[in-house]
Amino acid sequence: MAALDSTSITDLSVRFSGVLLRPDHSGYDEVRRVHNGLIDRRPALIAGCVGNADIVDAVNFARTHGLELAVRGGGHNVAGRAVCEGGLMLDLSLMKGIHVDPVRRTARAQGGVTWREFNRETQAHGLATTGGVISTTGIAGLTLGGGLGWLMAKHGLAMDNLLSAEVVTAAGDIVRASKEENDDLFWGLQGGGGNFGAVSWLEYRLHPLGTVTSGLIAYPFARARDVLKFFREITSAGLSDELAIFGALLHAPDEAQIAVMIACHCGPLGEAEAALQPIKKFSTPILDSIGPTSYEETNRMLDAGFPRGALNYWKSNFMSELSDQAIDTLVSQFAACPSPMSALVLEHIHGAATRVGVTETAFPHRREGYNFLVVSEWLDPADNERNIAWARESYDLMRPSFTSGRYVNYLGDDDGEDAVVAAYGPNYQRLRTLKAKYDPNNLFHLNQNIRPM
Ligand SMILES: Cc1cc2nc3c(=O)[nH]c(=O)nc-3n(C[C@H](O)[C@H](O)[C@H](O)COP(=O)(O)OP(=O)(O)OC[C@H]3O[C@@H](n4cnc5c(N)ncnc54)[C@H](O)[C@@H]3O)c2cc1C
């Protein structure tokens, strides 16, 4: 790697509109830290960009100086791919522009926006699109890898609602991609992650959305088997597109283990009440917060469980069905969970998210089923080994239930190339060809990397 001399940084700073941070600058530590407290990397330079011109200069600077390049959107990637050791961190967190066109029902948002910020602007017009399940995640990383969220059964994944994007490529070119323009690149951006460049703007299709009916219904852990069997029954019975339900084993604020279903119905209140009635009647809960609320509130309801800086190790895989054996494994494994912050989650996927062809976008997982997710989360670094071992063991014990696919946005630091191949399945070779066209030297490699063909 070439030496990073202060003269060249001074040359860059003369033109740069954003903020350049070296390790001795105040604010450096705050920006280099990402959501996952396990990640502790120190870039040689952080380029906090405020527009395309800054991104072009930062990309060109990294390329010509032989610096490793990391791109930070919302900083939520558990594998910590948004930050590099000793290279250049291209930080988009200052880029917060959002413009809603209520007539066309579209929104353009910059690469540093989070779902909380996005929802606030779109909901001001009574509009929304599929975002993540919690509000603090970045729109860019989540959308570019897929985007599972509360509205996916009605409106598709976040990525299915992407209409166009502005990208700064490895060559430093500003390129627009949509179905009409550079459609090959647009196809790759719909699921191919950060492999093809730094995305400065994303344009989304929006949908009218008023009050939703959402919340969490919780039962004592002793009922966990029955709750998961009931969750299987309702999710296998053909849910309407309006209703998204996740099942989970997690901890209450008092650290008690509980079994929960978390639901969001985005249809009219009467329909929501009828659709949620069987869930509310299933048994006597210890908590039932399901009721009419705003979409913004729904997107924030689980935020407190994911504090910035907590230590995280996640593993996930798709499942087509939930067998009795899988339920037994989930329950016995959760009983041995070492941290009161951890959870075993089943994200049910159906509806519009499954009515897209496998090769229509880079994201190939279009079958109804579940995404199984081990969220191992804790606070004390002395507990690292125990919590990572529990996550790995939980994942291994669930293997007999897995289908072949994996969700790229949940892959960890230790998931190798096999996992990326599994994540892209039949689209992997096409993605490699596209990578060779837009990033032949793999400048953008700190991601779930697709090697150029
Ligand atoms: C607490 C938590 C909750 C989550 N919930 C969900 C969920 O509900 N649904 C879901 O689908 N996923 C979820 N995820 C996973 C999430 O989609 C990924 O972690 C995603 O990478 C986060 O995007 P980000 O912009 O915040 O990430 P960052 O860490 O900033 O970036 C991750 C990677 O994405 C790429 N990237 C980010 N921004 C850009 C950009 N502007 N241009 C080019 N490449 C970019 C880069 O390759 C980067 O390395 C969750 C993660 C966490 C930690």
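1. Let's start with Y395 and F402, both of which are buried (under 20% relative accessible area with a 1.4 Å probe, protein chains only; over 50% is exposed, and partly exposed lies in between). This is a predicted model, where local features need pLDDT of at least 70 and side-chain atom pairs count only at pLDDT 80 or more, while totals for chains, interfaces and linings use all residues. Residues are numbered from 1 along each chain as its sequence is written, and side-chain values use heavy atoms, leaving out hydrogens and water.

2. On the aromatic side, the structure holds 14 pairs (rings of Phe, Tyr and Trp, the last by its six-membered ring, with centres within 6.5 Å; planes under 30 degrees apart are stacked, over 60 edge-to-face, the rest tilted). The rings of F230 and F282 are stacked, because their centres are 4.3 Å apart and their planes at 15°. F230 sits in helix α8 (residues 224-236) and F282 in the loop between α9 (269-281) and β15 (287-288), so this pair ties together parts that are 52 residues apart in sequence. F230 counts as buried at 10% relative accessibility, whereas F282 is partly exposed at 22%.

3. Back to Y395 and F402: their pair is tilted, at 4.9 Å centre to centre and 45° between the planes. Elsewhere, ring pairs link F306, W314, F363, Y407 and Y410 into a cluster.

4. Now the overall shape. Along its principal axes the C-alpha trace spans about 70 × 55 × 40 Å. Of the 453 residues of the chain, 60% count as buried. Among contacts (heavy atoms within 4.5 Å) with a separation of 6 or more, 72% come from residues 24 or more positions apart.

Definitions and conventions: Helices (H or I, at least four residues) and strands (E, at least two) are DSSP runs, numbered from the N terminus.
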